[in-house]
Amino acid sequence: MLPDFYSLKKKLLYKVNKKLRVIVAKESGFVGTISKTQCFEGHRNKIIGSDGKVIQDQPFHEETSTFQVPLPLMDKIGPNEIEQKLIEMAKDMASSQKKYFFNTMNKLIDDAGNSIDAKGKKFSVELFLKGLETIELDFNTDGTPHYPTLMMHPNMRQLAYEELNKIEEDPEIKKKHDAILQRKRSEWIIRENNRKLVG
Amino acid sequence: MNGLLEKIIANWLDSSSERAYQVPFCFLLIADGHRIIHSTRHNALELGKDIITTDSSGIVCAFQLKGNPGRNLTISQWQSINGQIQDLVAGDIPHPSVKKAKKFRPFLVTNGQIEEDVCRAIGDYNKTFKKRYKRTLEVMCRGDLLEMAKRISLTLWPSELQDTFTFLQLFTQNGKDPLDKDKFSRFLEDVFFLNSTEKKPGIDLAKRRITSGALICALALTPFTKENNHSSVISGWITYIACISAFATRWNLSEKIYQPSLDLAKTSILDATSNMLLEFNENKKFIEGDLITDKLYQIDSVRATYLCAYISILGLHQSLNGGPPLINEDVLKNLFTLCFSKITIWGESAIPLHLIIFWYWKNISATQEPQTFLTNIFKTLVETNLPDSKNPLLPPYYEAQDLIREYLLEENSEITDYSFAGASYTLEALLLLLVRYNWKQTVKMYWPDVTRITFRSFEPKEKWRYFLWRSELGTNIHQVPIIPCSWEQLKEKATKKYSSKISKIFIKNPVLFMIFISSYSHRISTDTVLYLDDVLNK
């Protein structure tokens, strides 16, 4: 064995992994902002909703990403190249993590019957309002709605702004939107009232 | 036998006091076919014989132990124990389980060597003993104990002790530190082959594993025994109990095979507990080691919480089991009052300790104060674990030392990568306890916030995995509280009987169950808490 610093390098690798996790979270966009919790043992997760029904019961899913350094290049690459490879690996991990997240979410949404098929049409405020009807909306204590996060391709951003601005600009659309909010507020109040212990 | 391991056993013998080698010696006797009838607790009511057994032929044996670590039994020591020896050989065996045995074998046991003049003196005494009592004093010394240990180890260690390196790490660690339960449990679990897919062992192999597991446990705890680090010794024997329980449950072993060892380990724990409390009772100071870090980081409060829980365990044990107390009841109550004033909650791993404290306090107090205490724990947990909380109480998988390491030393701080707000492993249990005690107004007031906190729990894939420190196989359950919900629904849940979910090992021994969750705090669950509350309220 050649001279080494085995235990210290383990600690350094831990620091590298921590940095990579930050990059993965950043590259994952919205998915990276979702809070993570820790499972300390076991091999499965089971989520049971407030109605007692099982929402999800499945084994842990492993995400991996690798990079390779061909043997002939081993002595030629330096710290910058390795760092670059690690960043690429983190981006790859972020990409597969996002893919897995959306695949899982889409399946859950389809199973719940909450998906809307736009049949190839572009994003529109009408589509947005249709989506708003299907979801549960929470409200802040000052009465303002806690809107969901819209996930879309960056190219759609301008169109989305234009369409959503119609809620304030177009009286008909505003009326429709406010009516939906009113219904959602009532549903929210019922949900919050259900948090009281009866009897 | 592996020369290194022989040296380790010799080292252990050469450094153990009489009390330190007493329990492992009992395990050696069990391995030799003895049935333990009595093992002294060194309390006010001593029978004059430290250990009483029946050997494999049914003959009663009485043992008087002397501690001579690294020394010889000298003539002056021999002369000072003459009276005890006389009593040992001539006296009856005053134990209700033993009929007036005319024929029994008296033994003097020492972990040192015996000097020549002592041997001569024993020889002379035996001439008289034989004439008068028809029996002679037999002697076991260091060499004999080493032989006994080698006999049970010989077929085990070379082929089955896979992690000799881990054993050495444990054997040489700093005895003033808390036991590294992760390392210790994985090591002992390997001794019992709990992390492998082996076939059901035969009875002989099962017995050998159990008794040699005890010896290995005693050896690995040597650094802590030397430092009188009672809490680490307690943790070590709890881990051993967990391993036997896993082993016995996995292979559906008969109680006869494992119960004597389980009882002995429990005795070790209770002895270590009373030794620690007696030590604390001498000066009643909460500081250990350096004052600065103890006070700056409130480690003395963490210590007080553990002490209070140990006092409670001992108090409940004495109350449930009767017999001569290890520590006087009034002394215990005074210590309890002193420690209680300083207790703290550092995370959900403290909740089992607080529950044990609650049960003892309820046992000794006719007032509502214990229930108010329980309510305050519940309120604290709800308030600190709401979804938008910045400082939730961490899950019971994080012990006090983990928090010191992660928050104060910032070594490997993984904690900041995760969010623990909005979830709790112990809230449902506390909630249902309050329902049991009819704290309706408090529950109603806090219920809306409770509904925002997910109840977390872990269900191991097989029952025996419950006793593992960490189980690879099992389901992490995240249960959102049921809404809408009624008081009646909660009451139904709170008054259900949970004994069918509890291991039969713990059903027979609720004190052992409490001892187990005081160390394996992540094994606390709603079933556990409500079952113990049932039993301790009887």
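How are helix 20 of chain B and helix 21 of chain B oriented to each other? In this predicted model, the two helices pack at an angle of about 160°, and because angles over 145 degrees count as roughly antiparallel, helix 20 of chain B and helix 21 of chain B are roughly antiparallel to each other. The points below look at this pair, then at another helix pair in chain B, and then at a sheet.

**Helix 20 and helix 21**

- Helix 20 of chain B covers residues 427–436 and helix 21 of chain B covers residues 440–450, and their axes lie 11 Å apart.
- The crossing of helix 20 of chain B and helix 21 of chain B is left-handed.
- From helix 20 of chain B, the residues Leu427(B), Leu431(B), Leu434(B) and Val435(B) meet Thr442(B), Val443(B), Trp447(B) and Val450(B) of helix 21 of chain B.
- Sorted by class, this contact between helix 20 and helix 21 of chain B has 7 nonpolar residues and 1 polar residue, with no charged residues.

**Helix 1 and helix 10**

- Helix 1 (residues 3–13) and helix 10 (residues 203–220) of chain B pack at an angle of about 65°, and their axes are 10 Å apart.
- Since angles of 65 to 115 degrees count as roughly perpendicular, helix 1 of chain B and helix 10 of chain B are roughly perpendicular to each other.
- The crossing of helix 1 of chain B and helix 10 of chain B is left-handed.
- Where these helices meet, Ile8(B), Ile9(B) and Trp12(B) belong to helix 1 of chain B, while Leu215(B), Ala218(B) and Leu219(B) belong to helix 10 of chain B.
- By class, the contact of helix 1 with helix 10 of chain B has 6 nonpolar residues, and neither polar nor charged residues take part.

**The sheet and its surroundings**

- Chain B has an open sheet of 5 strands in the order 1-2-3-5-7, and the pairing in this sheet is mixed.
- Strand 1 and strand 7 (138–140) of chain B stand at the edges with a single partner strand each, so one side of each has no neighbour in the sheet.
- From one strand to the next, the twist averages 25°.
- Within the sheet, strand 3 (residues 60–66) and strand 5 (residues 104–110) of chain B run parallel and are joined by 7 bridges, and Val60(B) has Phe104(B) in strand 5 of chain B as its bridge partner.
- Helix 4 (residues 82–90) of chain B lies across strand 3 and strand 5 of chain B, and helix 4 runs at about 150° to strand 5 of chain B.

- His38(B) is found in strand 1 (residues 35–39) of chain B, and His38(B) counts as buried because its relative accessibility is 15%, where buried means under 20%.
- His38(B) and Cys26(B) are 12 residues apart along the chain, and their C-alpha atoms are separated by 9.9 Å.

Conventions. Residues numbered from 1 in each chain as written. Chains lettered and ligands numbered in written order. Predicted model: local features only at pLDDT ≥ 70, side-chain atom pairs only at ≥ 80, totals over all residues. Heavy atoms only, no water. Axes fitted to C-alpha atoms, helices over the stretch in contact; angles between N-to-C directions. Helix = DSSP H or I, 4+ residues; strand = E, 2+ residues; numbered from the N terminus. Parallel < 35°, antiparallel > 145°, perpendicular 65-115°, else oblique. Left-handed = near helix turned anticlockwise from the far one by under 90°. Contact = heavy atoms within 4.5 Å. Nonpolar A, V, L, I, M, F, W, Y, C, P; charged D, E, K, R; others polar. Buried < 20%, exposed > 50% of the residue type's maximum accessible area, 1.4 Å probe, protein only. Pairing = 2+ DSSP bridges.
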